[in-house]
Amino acid sequence: MTPPVPIIEAPQVEYALIAPLLIVSAGAVLGTLLEAVVPRRPRFAVQTVVAFATVVAALVDSLYVYANLKPLGDVGRGQLSTEGAVSVDGPGVLTWAMLSVFALFSLALFAERRLEGGLSAFTGRAADAPGSRGEAEARAARLEHSEVFPLALFAMLGMMVFATANDLLTLFVALEVLSLPLYVLCGLARRRRLLSQEAALKYFLLGAFSSAFFAYGIALAYGYAGGVQLADIDRAVRAEANGQPLLLAAIALMAVGLLFKIGAVPFHAWTPDVYQGSPTPVTAFMAAGTKAAAVVALMRVLYVAFGGAAWDWRPLLVAIAVVTMLVGSLVAIAQTDVKRMLGYSSVAHAGFLLVGVAGAFAASGRISSVSAVLFYLAVYGVASIGAFAIVTLVRDGSGGGGEATHLARWAGLGRKAPIMAGVFALFLLSFAGIPLTSGFIGKMAVFSAALSGGFWPLVVVAVLASAVAAYFYARVIVLMFFTDPVGDGPDVAVPSPLTTVVIAAAAIVTLALGLIPGPALEFARHAGLFVG
């Protein structure tokens, strides 16, 4: 007698809810296919159009999904999707929209071709050894890599899934999807290729180690809870189902992978080297997008999965926040390269964000606590992209027209290009948290979240670290406006409208959210808490 055939039910996928993910995925795949069918000469322009159209469509659909999320309880909005693998909730979808804006700005810098004599900032043929005959041939033939656009879209897809993953396996896959394209992009600089390749190798090796720690933590969490969904782990934690050492080991190992992506001490060593060596448009994309996705993923894992063990992990998180703020602020003072300085500034901002993360959990009854972290990520990301966009314009004429990243070359920039130097000063003041800038509102929001949770000593340290950070930001401003230039001073390139629009938009947002932050804060507050 033939045994009955088991019925396998098809998974239930809410396609409308995850449409932004599908749009970005389709755009990335289409871009990959275009590499094989479009002739070389028009390929860069075609890839640019496809990438921009994809990101704009994803942004519009993310806002549509966000506006139509269903209320869930008193403080949550959204629901689980794709059999519980993705949480389409307020904070997650708002992060999708934020990442789309970051990607739109960054892709404009990717597409900039006026600064390198009609070519992009990416090498013509990455397989050629630096200084080889093949590299000279590629330069003479005016070759350039258009694959950077689908690579950026794949990285964006990974960031979006990373921010909304509701089980640990999806989280790990998203981590790799966002990381692998960035490893490649970091090594594609047209100038200073050895430094670029060194940055890519460091990022790859350290990223592989952190991913291994993260995967080991997932295995221990599965062994502890018997499941990989965040809600399953939460139930096991609150029921104290198994041994405490196994739980603590799982939290610690997973935190290594997440804190590495954020750039928190002691997992920050890659940040200044990678920021310095990567093509500056890639640095801008990483500084804004990777940090936003990783911070939201960290909050989701800690609050939804390990919220019942907060008394175990919260003291360590506070300690890491303190060390990260101090190391980032103090070491940045000694930097002589503007990209390395912004790298250590990024480390300090990771510490400030962790202040908000600690406070957001402690004050989880207040919707504004989670929204404070989201607001900070938005204003920091926009200012970072604007700052790195200006870095691409300050050129060293005596060195063949490459970027003049040594701070000494920025002396007297305010005399040669006062508007551009003034906008860069605006971004630095925002980083420092000076009033009337968006950075001040962001810091005030996360500090208020920490105060509401009773972490006033942490806020005191954060304020002191902000004062230290203000010193090296002010030093650059003094250098630009009140220091005589070395020789003829730096050359300032005239960009295409793409870079000009990015800088102008970033400056407008930085000022607008500093002067009128209410609507943006209310928009973020409407996101609610995480759904798990």
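Before I show anything, one definition: a residue is called buried when its relative accessible area is under 20%, exposed when that area is over 50%, and partly exposed in between, with a 1.4 Å probe and protein chains only. What we have here is a predicted model, in which local features need pLDDT of at least 70 and side-chain atom pairs count only at pLDDT 80 or more, while totals for chains, interfaces and linings use all residues. Residues are numbered from 1 along each chain as its sequence is written, and side-chain values use heavy atoms, with hydrogens and water left out.

Let me begin with D89, which counts as buried because its relative accessibility is 0%. D89 sits in strand β3, where strands are DSSP runs of E with at least two residues, helices are runs of H or I with at least four, and both are numbered from the N terminus. Leaving aside residues up to four places away in sequence, D89 touches L69, R77, G78, R300, L529, F530 and V531, contact meaning heavy atoms within 4.5 Å.

Strand β3 belongs to an open, antiparallel sheet of three strands in the order β1-β2-β3, in which β1 (71-72) and β3 (86-89) are the edge strands, each pairing on one side only. Two strands are said to pair if DSSP finds at least two bridges between them, and β2, residues 76-81, pairs with β3 in the antiparallel sense over four bridges. Within that pairing, Q79 has V88 of β3 as its bridge partner.

There is a second open sheet of three strands, also antiparallel, in the order β5-β4-β6. Its edges are β5 (402-403) and β6 (491-492), each with a single partner strand, so one side of each has no neighbour in the sheet. Strand β4, residues 394-396, pairs with β6 over two bridges, and R395 stands opposite D491 in β6.

Now to the helices, and how do the axes of α3 and α11 cross? Helix α3 (residues 90-110) and helix α11 (residues 280-305) have axes that come within 8 Å and cross at roughly 170 degrees, the axes being lines fitted to C-alpha atoms over the stretch in contact, with angles from 0 to 180 degrees between N-to-C directions. That makes α3 roughly antiparallel to α11, since angles over 145 degrees count as roughly antiparallel, under 35 as roughly parallel, 65 to 115 as roughly perpendicular and the rest as oblique.

R192, in the loop between α6 and α7, has a positive phi near 50 degrees, and R192 is partly exposed with a relative accessible area of 41%. V265 and P266 are joined by a cis peptide bond with omega of about 10 degrees, and P266 lies in the loop between α9 and α10 (270-277).

I will finish with L436 and S438. L436, in the loop between α16 (418-432) and α17, has a positive phi of about 75 degrees and is exposed at 57% relative accessible area. S438, by contrast, lies in helix α17 (residues 438-452) and counts as buried at 1% relative accessibility. The side chains of S438 and S430 are joined by a polar contact of 3.4 Å, a term for a pair of N or O atoms within 3.5 Å where, within protein, one must be able to donate a hydrogen and the other to accept it, and residues adjacent in sequence count only if both atoms are side-chain atoms.
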